[in-house]
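Take a walk through the model below.

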Amino acid sequence: RKLDAALDIEPGEGSLLFDKAQVLAQQGMNKDALEIVDSLLAVAPEHQELLAMRQQLTAATGNVGESRRTAKYHANVRSQTANAIDAEVGETLTLAEQMLASGNKEQAKQLYQAVVSGAGEQPKALLGLAKLQLGEENFALARQTLRRAFDAEQSDTEFFILLSHSEIKLGGYKAARDVCRQGLKHWPDNALLCRLLVQSYEKESNWLEAYRVALESIRLHSQDADLRYRLATASFNLLRSRHNFTATAILDCQKHIEQAAAIASDENKQRLSLYLAEIFWYKGEALASKQLLEAHMSRFPDDIEAGFNACFVYRTLEEWDNYYRTNELGLACGRRLRYQGALPQWNLDRPKDDIVLVMPEQGVGDEILYFHNLRLVLDNCKKVYVACDPRLEPILSRAFPEAIIVPIKRIDHQDIDVPKEVMDSITSWVAGGSLAAMCYQQFGRH
């Protein structure tokens, strides 16, 4: 009744007529419904919902032949519509690629979005859109876009590569590995997927797995410079982290580094030369190590980490001037001491009324090594606080009763937490290892 009332007001309204046809069909009045559908098809002969309804109504009224003809015509209309959409999508994607080639990224993005809005989850459009989002470093949105069209069985290689890359950028290392492994089932010899799989372990500092996967990948890609570099890096860090300084492990690591350096880019060759310098030092070949480090420092004088590494070689060779000079670089790069502070560093030219905090070095062994020079600072300032490992407090208190010993528990990779009352009272600070350098410069002794 409501539909009839509405049709009295708007007798030719198509949507109202379509609704009435549906109601009549539900009530079993198929012939009346069919009359309405046929009148609407006379105006819109390719309307797919009307054609589907006509197929059902002709079958319901016993006109099987007409139902089949309608079904065939409906299938042809669907095919033509799909072909027209595909053609339009293809033209739009081609235009988007042309826009990209000419540098019009925003226009290309709008075209990709138009395809997705009009034609649904079109993989090529979503892939193009994700690439633009990756270029903008919008990794979360790129991952979301790629996931919309990703199919572990149907997607092409680029989806696997870009999705894994996005996951790594967002810290989803396990998810990245899952995508890589799914991709490697389809393309077991894809070097990019192998690299990303290794990288997912590198980001977690899981050097054992990074080494294992890189070594396995090298069997398929022996001349892949990136994989060779990653294998050398994993081998080097595995040696260091496990302190596995056996002859076999050292020589194996050296082999990987030299093989990687033979085909590496100039930038990676420089990093590999630093690895090799450290390996030579582990082998007892300090002169060879020194040669590599000094060659690197002549090219990159601002690389303070490499300069600090050189101090261990100079100490081995007993080149004391170079040793103490490069050892001080450990403060600048944070490897000797995770503390800088706003106060000045103490030296022998500071005022005699200074109140000084002596900071501990890398561990209890260094504290034992360097704190025998405490007399140098005690004799040249007003008051001295000595921060140390709690185990050394009774020893230092007996050895230097005039010093105020401050036991501090340290946590790896965290700044030293000095009590506030100590920080509020001091006027300068000095690292324990720097006292040895001052002693050597002043007296020629260590």
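Is E285 buried, partly exposed or exposed? E285 has 33% relative accessibility, so it counts as partly exposed.

A word on the ground rules. This is a predicted model, in which local features need pLDDT of at least 70, side-chain atom pairs count only at pLDDT 80 or more, and totals for chains, interfaces and linings use all residues. Residues are numbered from 1 along each chain as its sequence is written, and side-chain values use heavy atoms, with hydrogens and water left out.

Back to E285. Its side chain meets that of K283 in a salt bridge, at 3.3 Å from N to O. The term stands for a side-chain nitrogen of Lys or Arg within 4 Å of a carboxyl oxygen of Asp or Glu. K283 is partly exposed too, because its relative accessibility is 30%.

How many salt bridges does a search of the whole structure find? The search finds 29. One of them joins the side chains of R143 and E167, at 3.0 Å from N to O. R143 sits in helix α8 (residues 139-149) and E167 in helix α9 (residues 157-169), so this pair ties together parts that are 24 residues apart in sequence. Helices here are DSSP runs of H or I with at least four residues, numbered from the N terminus. The two partners differ in accessibility class. R143 is at 30% relative accessibility and so counts as partly exposed. E167 is at 4%, so it counts as buried.

Now look at D424 and K420. They form a salt bridge, and their closest N and O atoms are 2.7 Å apart. Why are they separated by about one helical turn? Because they are four residues apart in helix α23 (residues 420-425). D424 counts as exposed because its relative accessibility is 55%. K420 is at 59%, so it is exposed as well.

Salt bridges can also link up into a network. R195, E202, D224, D226 and R230 are joined in this way.

Next, the cysteines. A search of the whole structure finds zero disulfides, a disulfide being a pair of cysteine sulfur atoms within 2.5 Å. Take C194, which is in no disulfide: the nearest cysteine sulfur belongs to C180 and is 8.5 Å away. C194 is buried, because its relative accessibility is 5%. C311 is in no disulfide either; the nearest cysteine sulfur, that of C333, is 9.1 Å away. At 1% relative accessibility, C311 is buried.

The last stop is a pair of helices. Q270 lies in helix α15 (residues 266-283). Its relative accessibility is 15%, so it counts as buried. Which residues does Q270 contact, leaving aside its neighbours within four places in sequence? They are H296, R299 and F300, where contact means heavy atoms within 4.5 Å.

E294 belongs to helix α16 (residues 286-299). This residue is partly exposed, because its relative accessibility is 32%. Between E294 and A277 there are two distances to keep in mind. They are 17 residues apart in sequence, and 9.9 Å apart in space from C-alpha to C-alpha.

Key
Helices (H or I, at least four residues) and strands (E, at least two) are DSSP runs, numbered from the N terminus. Buried means under 20% relative accessible area, exposed over 50%, partly exposed in between (1.4 Å probe, protein chains only).
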